[in-house]
Structures are given as structure tokens and as C-alpha cells.
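Here is a friendly walk through one model, with a few of its packing details picked out. Have the sequence and the 3D view open as you read.

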Amino acid sequence: MFHILVVDDDKNTRLLLKAVLENANYTVTTATNGEDALGVLDKEHIDLVVLDIMMPCMDGYEFTRILREAQNNLPILMVSAKQLPADKHKGFMVGTDDYITKPVDDEEMLYRIKALLRRAKIANERKIVIGDVILDYDSFTVTRGDEVQELPQKEFLLLYKLLSYPGKIFTRIQLMDEIWGSDSDTGWETVTVHIGRLRKRFEGWTEFEIESVRGLGYKAVKKV
């Protein structure tokens, strides 16, 4: 079960977010500001942080900056009443992974958390092995025996995502949000183009296949 840290100086907000997340089967720990949150991270394994910005002692910007300067890539979702583009830009500049504004839409928050956790899983696992085929996240390469293909970043991430969950159907919008980001201006048609390139690139490879699911999206199938 994933463990989420909720950081907010408002007691009612902490209790509300905790209830929503626990109802979605997450384990939840809370903290009242950035300093308290750093203390929690020293004692417990946390998979994701839901973070307010305006807090006493240490605000969300400073907390995020400290983590990123320490090379800590823990997924962070900023949740704030600050709605100006400049506030969002500052959040992304210090290293947050996503940003939503209050009042929080519970369903949207849960979707964003799921997407962030899936991306973190992809980044942490680093390699996928399918028979003689190896996908190496660190080099964006796919190898089979002596054959090595270095893929463009988006193509590799798309293939890696699909093969991380063989048999699971992903819609084009899901893939857009996870690979290109929910704030991307690129249309979902880009996914179709990249799928076509991957199919052509690995045409004749018998270890896996990318299948279209009519009216839904795509799934990867392992053949070995």
C-alpha cells in the first residue's frame, strides 16, 4: 500500500485530505509545515507528498527546494489556494511534479496522485526484461542480443509504460498525461504517431507487440 504524506497547516484540510486518501486505500501521515514534514521523511518511507504552499516555519516552496537540492525525487503534488500562473510557475521551478488549486476536486486529486505514482514506479524500476529483450531506462535503449536501439525519449517512455503493465489498456489521454504531462499543449494524436513509429521500429520482433483496442486505446502484449 502506498504511503502518502499530507502537509498543510490547516487542521480541517489535513483531516479532509486524510479521509479522502484513506478512503482510496492509501496509508496517510500528516504534518503541519515543511519542517515537520522533513522530520517525517527521516523516520518513515513516503511514496508521495501532497503539499500546501503557505505554511509557517517552512513553506511548500522551501520544502520542495530542499528535497530537490538533496537529489530526492520523491513525487510532490502541490495543493494551494494560490491560483496565479506565477505561483504555479514558481512551484514547477523549485521542483514540484504537479500543481492543483483549492478548493480541491477530490476525484481530480486522486487521478493526479495515481499518475504521479505510476511515473515514479517507471523511474524506479529502471529495466524491463522480456526474453532476450532488455529495456534500459537509464540509457533509453532496447537491446536484443547484439542489436541495440537507442530511442527518442518519448518513444522509449511510451514503450516502457506499456510494457510495465502488459495486457493493461491505456487510453490515449492517459498516455498523454503520463508521458507528456497534463499541462502539455500537444494533442492526443501524438500518441498515435509515436505508437506507429514504435510498431515500425520493432516490426518482426516476436517478444512483444503493441495492440490497438478499438474505441479504447492501446495495450502491450508479451509473447514470451
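Which residues in α3 meet which residues in α4? Tyr61, Thr64, Arg65 and Arg68 in α3 meet Asp87, Lys90, Gly91 and Val94 in α4, where contact means heavy atoms within 4.5 Å.

## About the model

This is a predicted model, in which local features need pLDDT of at least 70 and side-chain atom pairs count only at pLDDT 80 or more, while totals for chains, interfaces and linings use all residues. Residues are numbered from 1 along each chain as its sequence is written, and side-chain values use heavy atoms, leaving out hydrogens and water.

## Helices α3 and α4

Helix α3 covers residues 60–69 and helix α4 residues 85–94; helices here are DSSP runs of H or I with at least four residues, strands are runs of E with at least two, and both are numbered from the N terminus. The two helices pack at an angle of about 25°, their axes 8 Å apart. That makes α3 roughly parallel to α4 (angles under 35 degrees count as roughly parallel, over 145 as roughly antiparallel, 65 to 115 as roughly perpendicular and the rest as oblique). Axes are lines fitted to C-alpha atoms, for helices over the stretch in contact, with angles from 0 to 180 degrees between N-to-C directions.

By class, the residues of the contact of α3 with α4 are two nonpolar, two polar and four charged. Ala, Val, Leu, Ile, Met, Phe, Trp, Tyr, Cys and Pro count as nonpolar, Asp, Glu, Lys and Arg as charged, and the others, Gly among them, as polar.

## Helices α7 and α8

The axes of α7 and α8 cross at roughly 85° and come within 9 Å. That makes α7 roughly perpendicular to α8. Arg172, Leu175, Met176 and Trp180 in α7 meet Thr190, Val191, Thr192 and His194 in α8. The contact of α7 with α8 has four nonpolar, three polar and one charged residues.

Helix α7 also holds Glu178, which is buried at a relative accessible area of 6% (buried means under 20%, exposed over 50%, partly exposed in between, with a 1.4 Å probe and protein chains only). Not counting residues up to four places away in sequence, Glu178 touches Ala115, Arg118, Arg119, Lys161 and Phe170.

## The nonpolar core

The largest nonpolar core has 29 residues; such a core is a set of buried Ala, Val, Leu, Ile, Met, Phe, Trp, Tyr and Cys residues joined through side-chain atoms within 4.5 Å. Helix α6 gives the most to this core, with seven residues.
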